[in-house]
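The sequence and structure follow.

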Amino acid sequence: MGRVTERRRVVRIRNGGAGVRPDTLVAEEPLEIRLNGKPLAITMRTPGDDFALAVGFLVSEGVLAAASDVQAVTYCEGATEDGSNTYNVVNVQLAAGVPVPDITLERNVYTTSSCGLCGKASLDAVRTATRFPGIAADPVRVPAEVLSAMPDRLRAAQKVFDRTGGLHAAGLFTAQGELLDLREDVGRHNAVDKIVGRAYQSGRLPLAGAVLLVSGRASFELVQKAVMAGIPVLAAVSAPSSLAVDLALESGMTLVGFLRGRDMNIYAGEERITL
């Protein structure tokens with residue numbers, strides 16, 4: 001099913017001298033997600049947790065809510081001319097009676113930053129599609145000192161990053177700072193989908209009272225994925241985008257950026273962060 005890392009030859013220059021050595025790189029391969037046998041989307045990802053990635057993606061698009069919505073998730077054979085299984089094509093078969101959304105590859109779902117929808121249209125799309133609209137009423141409170149400790153805990157748990165230096169991470173925490181789950185991937189959106197997908201598979205959606213921490217910036221897409229999973233607090237070690245802040249305000253989510261040490265910027269939902 002693919003390797004998380006691969007070895008490559010590299011010429012390494014240190015202190016003016018050059019030498020040849022092997023280097024460990026994070027693996028990157030395409031994953032085609034099919035819905036009821038029809039191609040839906042392709043994402044470049046780090047192999048692993050592919051089923052969680054696929055169902056997490058469908059949760060973020062409002063297709064799935066309860067674990068009973070899915071009949072089966074399988075790798076597809078015959079993806080190559082010789083009919084072999086590349087483990088790069090996953091089909092999600094919906095249970096009988098679950099409606100199939102009108103999503104096309106040309107539209108490529110409304111959430112991507114390049115989808116052609118923006119501003120009010122994007123915000124309306126998320127609000128009307130979410131299956132867990134109760135974020136604004138979530139009473140969770142997170143002490144600032146607990147939030148400040150989360151990036152170090154996330155970094156300490158990143159096993160593959162230590163070997164490659166080339167992965168994003170998403171971590172799911174309790175309000176008390178307990179790390180519930182960690183996923184790594186070349187794409188930060190994939191790491192979040194894997195987190196959400198694993199929660200979906202274990203019947204834990206919506207993720208009320210949870211904190212999602214991402215290793216990079218907070219884009220509109222990541223806020224949207226958190227909203228669709230019912231996560232009330234999203235924190236990032238880097239900056240959010242303007243539309244990400246708009247969506248957080250619109251949905252009642254707490255959005256924290258530039259979380260570094262004891263410093264942070266709270267862009268929305270500051271009442272949930274206690275000093």
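## Positive surface patch

R14 is located in strand 1; strands (E, at least two residues) and helices (H or I, at least four residues) are DSSP runs, numbered from the N terminus. Together with R7, R12 and R21, R14 forms a positive surface patch. Strand 1, residues 5–14, supplies the largest share of this patch, namely three residues.

A patch is made of residues with over 30% relative accessible area and no salt bridge, like charges being joined within 9 Å. Accessible areas come from the Shrake-Rupley method with a 1.4 Å probe, and only the protein chains shown count as cover for residues. Lys and Arg count as positive, while His and the chain ends are not counted; the charge of Arg is placed at CZ.

## Basis of the description

The model is predicted: local features need pLDDT of at least 70, side-chain atom pairs count only at pLDDT 80 or more, and totals for chains, interfaces and linings use all residues. Residues are numbered from 1 along each chain as its sequence is written, and side-chain values use heavy atoms, with hydrogens and water left out.

An open sheet with mixed pairing is formed by four strands in the order 4-3-6-5; two strands pair if DSSP finds at least two bridges between them. Strand 4 and strand 5 (70–75) are the edge strands, each pairing on one side only. On average, neighbouring strands of this sheet are turned by 20° against each other, direction ignored, with axes taken as lines fitted to C-alpha atoms.

Strand 3 (residues 29–35) pairs with strand 6 (residues 89–94) in the parallel sense over four bridges. Here L35 stands opposite V92 in strand 6.

Six strands make up an open sheet of mixed pairing, ordered 9-8-10-11-12-13. Strand 9 (179–185) and strand 13 (263–268) each have a single partner strand, so one side of each lacks a neighbour in the sheet.

Parallel pairing over three bridges joins strand 11 (residues 233–236) to strand 12 (residues 254–260). The bridge partner of L234 in strand 12 is L255.

## Salt bridges

The count of salt bridges is eleven, each being a side-chain nitrogen of Lys or Arg within 4 Å of a carboxyl oxygen of Asp or Glu.

How values were computed
Patch = residues over 30% accessible without salt bridge, like charges linked within 9 Å, V, L, I, M, F, W, Y side chains within 5 Å. Axes fitted to C-alpha atoms, helices over the stretch in contact; angles between N-to-C directions.
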